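Student: I have a structure open and want to go through a few spots in it. Can we start with the strands?

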Amino acid sequence: MPIETAEHGILASDNDTRAGNYFVSNYPPYSFWTRDQVNEAYAALERAPAPGTPLGVYLHIPFCRKRCTFCYFKVYTDKDSGEIQGYLDAAIHELQRYSQKPFIGGRKPKFVYFGGGTPSYISSRQLTRLAAAMKKSLPWDEAEEVTFEAEPGTLTEGKLRVIKEVGITRLSLGLENFDDHILQVNGRAHGSKEIDRAYELVQSIGFPQVNIDLIAGMLDETETNWRECVRKTIRMSPDSVTIYQMEIPHNTVIFKEMKALGQSVAPVAGWSQKRAWVDYAFRELEQAGYSISSAYTAVKDPSKSRFLYRDLLWTGADLVGLGVASFSHVGGSHFQNEHEFQPYVDKLQAGQLPIYRALTPTPEERMIRELILQMKRGHVDGEYFQGKFGVDIRRRFGDAFDKLRHRGFLAVDGNDVALNREGLLQVDTLLYDFFLPEHRNSRYT
Ligand code: SF4
């Protein structure tokens, strides 16, 4: 699952799963990004990059076989192959335009990420052509990580071979669960047989890194089934496992059904239950030799599974976000593309960049952004913030850290500020105390 969509939070004390976003993916909140700041984004494209800033490329492929009932991403299930090709051509054109801008400054991407939607929904021919055109604009020969999200039911042996040939180094499989009933009631397009078949193929073809995504607390999840999911995941032995806690944003099918029935509480497990399930999974994964590298991720071999996309974004890398509704961060300016299919394609066909809204954070906001994102790793290094921003975070955020310490979630050891497991499992609800006062109300809207 890509990481760039949520903007609001829930109350930490509220155990019921209510409608709204839980996951904090960026700062300042998206509700502060506006159309009248778009010119600042265009200006950032014309400046040379700050020395030493890594560059990444993200491409949103917004097509899926079916819409999951919990999905809040920009996805389409009704586009034919001509429309898909038109969209991919628009994204290629978008990258070509960016590649000629001064902010590139001769850089090549350190990481590339194909997110969705379902990137593996596109055909082998489309992928081959897409990758070749992207490399022509910005070669991947310095990319240390190229991630591709895949849905098991879309994978054939031929397509997996093409995925490998174009240079994907990290294949991320959106399994979410292993039980056919749970997959079906949550609207997933794949079933357990497709998982088994796809994983066998993935293993026989071999990828440098394979990640498995799970969701704790899907509709109809049970303790017994969750334990079985964890057992099966460990048996598959992927390089990393990413586990999200189920949230029900307002634009989901589940929320629409809740609204029709006049329900304010989502028909899924409460937050403490979901945390307990992730805690169980993390403990089992640790027993099996994995290390916990963030609130959502366990990795088998930390020296091999670095997840550059996350680590470089959370430390201020430039990111060129291609595709409908994608997010970019370039030269200190944040911006998002047109969030509807046709306006996105039309703008590129008319020779324009499809930037829709933007925000240029102040230096303090940039520092807070990095702090809250790095808190998701479970610890922050005071020396890093002193060196990069000239800020002593223990003094600047003394009250917020004290509050977390009193709640039993945090310890400060010299320069290192660390969340314990209980704090880490609810980190997204704890970050609002680090926001500037004018941004804190975004949790209630
Ligand atoms: S696979 Fe499901 S959750 Fe993922 S983007 Fe498609 S519809 Fe959304």
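Student: Which residue stands opposite Val412 in strand 15?
Tutor: Val417 does. Keep in mind that this is a predicted model.

Student: How do strand 14 and strand 15 pair, parallel or antiparallel?
Tutor: Antiparallel, over four bridges. Strand 14 covers residues 410-413 and strand 15 covers residues 416-419.

Student: And how many residues sit between the strands of that hairpin?
Tutor: Two residues lie between strand 14 and strand 15. In this hairpin Gly414 takes a positive phi near 60°.

Student: Switching to the ligand. Which residues are around it?
Tutor: The residues around the ligand are Cys64, Arg67, Cys68, Cys71, Phe73, Val75, Gly116, Gly117, Thr118, Glu151 and Gly174.

Student: How does that shell split by class?
Tutor: Five residues of the shell are nonpolar, four are polar and two are charged.

Student: Now the helices. At what angle do helix 4 and helix 6 pack?
Tutor: About 40°, and their axes are 10 Å apart. Helix 4 spans residues 157-165, and helix 6 spans residues 192-205.

Student: Is the crossing left-handed or right-handed?
Tutor: Helix 4 passes helix 6 in a right-handed crossing.

Student: Which residues make the contact?
Tutor: Helix 4 contributes Glu157, Leu160, Arg161 and Lys164, while helix 6 contributes Leu201, Val202 and Ile205. By class, the contact of helix 4 with helix 6 has four nonpolar, no polar and three charged residues.

Conventions:
Residues numbered from 1 in each chain as written. Predicted model: local features only at pLDDT ≥ 70, side-chain atom pairs only at ≥ 80, totals over all residues. Pairing = 2+ DSSP bridges. Near = placed C-beta within 6 Å. Nonpolar A, V, L, I, M, F, W, Y, C, P; charged D, E, K, R; others polar. Axes fitted to C-alpha atoms, helices over the stretch in contact; angles between N-to-C directions. Left-handed = near helix turned anticlockwise from the far one by under 90°. Contact = placed C-beta atoms within 7 Å.
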